[in-house]
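Subject: Handover of a structure for your review

Dear colleague,

Please find below the structure that I am handing over to you.

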Amino acid sequence: MTGNQSAQGPKHKRNVTRRKVVVAGGAAVAAVGVGGAIAATANAGQTTKGTSPTATSTSASAETCYKLTSETTEGPYYIDADKLRQDITEDKEGIPLTLRLKVIDNETCKAVKNAAVDVWHCDALGIYSGYEDLSTGGGGGGGTPPSGTPTGTPTGSPPEGGGGGGGGHSEPTDDERYLRGTWKTDKNGFVTFKTLFPGWYQGRCVHIHVKVHVGGTWTNTGYEGGSTCHTGQFFFDEESVLASAEVEPYSTSTTERTTLTEDTIYDQSGTAGGLLKLKYKKNGIAKGVLGTITMGVDPDATHDGTDDGVQPGATASASAS
């Protein structure tokens, strides 16, 4: 794969007591899995019910429970349930990413069905829709793609919290809403989004934001009521990020990249910390990636991500910056 290869793909305010979304024009487009069968669950950070965390069950019917998924602050660039849809790419360019998520109650092991799941992230050059004037991005027109570990240490903080940590909520600066969407989990706790592999920006590794809302009602016009039981982020392994950096438009970024181990939000705990399981054809990442993960949540808890606290029992230890 060389730097001149191109990815294939299409060229608010928060209120946790009453949430309403409008249906994007036309029927929502269901995302299609990439490269074969979709894994039902991620296999890290899990324990078999009734056994020690290191035990391995030989029973095909054994229930598998998961640790609480790490909580993080929502960052400044959240726009509450603005688009009810599964295909969130709009006209953005980048590597196609099918995001296959599962939500379960970490104590009962049961699927959390009909939950509203929000995802949002920056584009291939580090820009957030709704906040294009605040995002620094990384477009530079022909910069050298990152390789290996970045030289030096990233300096400064991401703008307005960089979309990852604290810094308070910022008001949108434009009407763009690409790479944002909300959809509901099915009876087995699954929800799928069709999106793009995110890029990077100063001070943060590659990531996707997520919220899970429960207890509300789905109507003809959207989702109302309920509360937020989880606010977190998904992360990408270093090998996959380096592969993406060889593909246009990612390869044009001139922004120094922060690695997974250098990130101030990712807690290094694997699946419990939001690390996605990624699948793509070797030397063919431009054709598409499948990302899967199971989120273990407490449906009775409230975690809207507006403070710097970490959910009790979660493994997150890094402070937002």
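This is a predicted model: local features need pLDDT of at least 70, side-chain atom pairs count only at pLDDT 80 or more; totals for chains, interfaces and linings use all residues.

Strand β9 spans residues 222-235, and Thr228 is part of it. Thr228 has a relative accessibility of 0% and therefore counts as buried. Its side chain makes a polar contact of 2.9 Å with the side chain of His213.

Sheets

β9 belongs to an open sheet of four strands, in which the order is β6-β5-β8-β9 and the pairing is antiparallel. β6 (180-184) and β9 are the edge strands, and each of them pairs on one side only. On average, and with direction ignored, neighbouring strands here are turned by 20 degrees against each other. Within this sheet, β5 and β6 are joined in the antiparallel sense by five bridges.

Strand β4 (residues 96-105) runs parallel to strand β12 (residues 289-297), and their pairing extends over nine bridges. Leu97 has Val289 as its bridge partner in β12.

Nonpolar cores

Which residues touch the most other members of the largest nonpolar core? In this core of 35 residues, they are Leu101, Val117, Val119, Phe197, Phe234 and Phe236. Two or more residues of the core come from each of the elements β4, β5 (116-120), β7, β8, β9 and β12. When residues up to four places away in sequence are not counted, Leu101 touches Val117, Val119, Gly189, Phe190, Val191, Phe193, Phe234, Ile293 and Met295. Another core, of eight residues, lies apart from the largest one; Ile79, Trp120, Cys122 and Tyr131 are among its members. As general background, nonpolar side chains in soluble globular proteins tend to be buried together.

Salt bridges

The model contains five salt bridges, and three of these are described here. Side chains of opposite charge can, in general, pair when their charged atoms come close.

Asp263 is in the loop between β10 (247-248) and β11, while Arg204 is in the loop between β7 and β8 (207-219), so the pair ties together parts that are 59 residues apart in sequence. Asp263 counts as buried because its relative accessibility is 5%, and Arg204 is likewise buried, at a relative accessible area of 0%.

Arg257 is bridged to Glu238, and here the closest N and O atoms are 2.6 Å apart. Since Arg257 lies in the loop between β10 and β11 and Glu238 in helix α1 (residues 238-244), this pair ties together parts that are 19 residues apart in sequence. Arg257 is buried, its relative accessible area being 3%, whereas Glu238 is partly exposed at 24%.

Arg85 and Glu90 also meet through their side chains in a salt bridge, at 2.9 Å from N to O. Arg85 has a relative accessible area of 8% and is buried, whereas Glu90, at 32% relative accessibility, counts as partly exposed.

Backbone geometry

Most residues other than glycine have a negative phi, and most peptide bonds are trans. Against that background, the following positions may be of interest to you.

The peptide bond that joins Glu248 and Pro249 is cis, with omega about 5 degrees. Pro249 is located in the loop between β10 and β11.

Asn114 is not a glycine, yet its phi is positive, at about 60 degrees. This residue is placed in the loop between β4 and β5, and Asn114 is partly exposed with a relative accessible area of 39%.

Leu179, also not a glycine, has a positive phi of about 60 degrees. Leu179 is found in the loop between β5 and β6. Is Leu179 buried or exposed? At 0% relative accessibility, Leu179 counts as buried.

Yours sincerely

Methods:
Residues are numbered from 1 along each chain as its sequence is written. Side-chain values use heavy atoms; hydrogens and water are left out. Two strands pair if DSSP finds at least two bridges between them. Buried means under 20% relative accessible area, exposed over 50%, partly exposed in between (1.4 Å probe, protein chains only). A polar contact is a pair of N or O atoms within 3.5 Å; within protein, one must be able to donate a hydrogen and the other to accept it, and residues adjacent in sequence count only if both atoms are side-chain atoms. A salt bridge is a side-chain nitrogen of Lys or Arg within 4 Å of a carboxyl oxygen of Asp or Glu. A nonpolar core is a set of buried Ala, Val, Leu, Ile, Met, Phe, Trp, Tyr and Cys residues joined through side-chain atoms within 4.5 Å. Contact means heavy atoms within 4.5 Å. Axes are lines fitted to C-alpha atoms, for helices over the stretch in contact, and angles run from 0 to 180 degrees between N-to-C directions.
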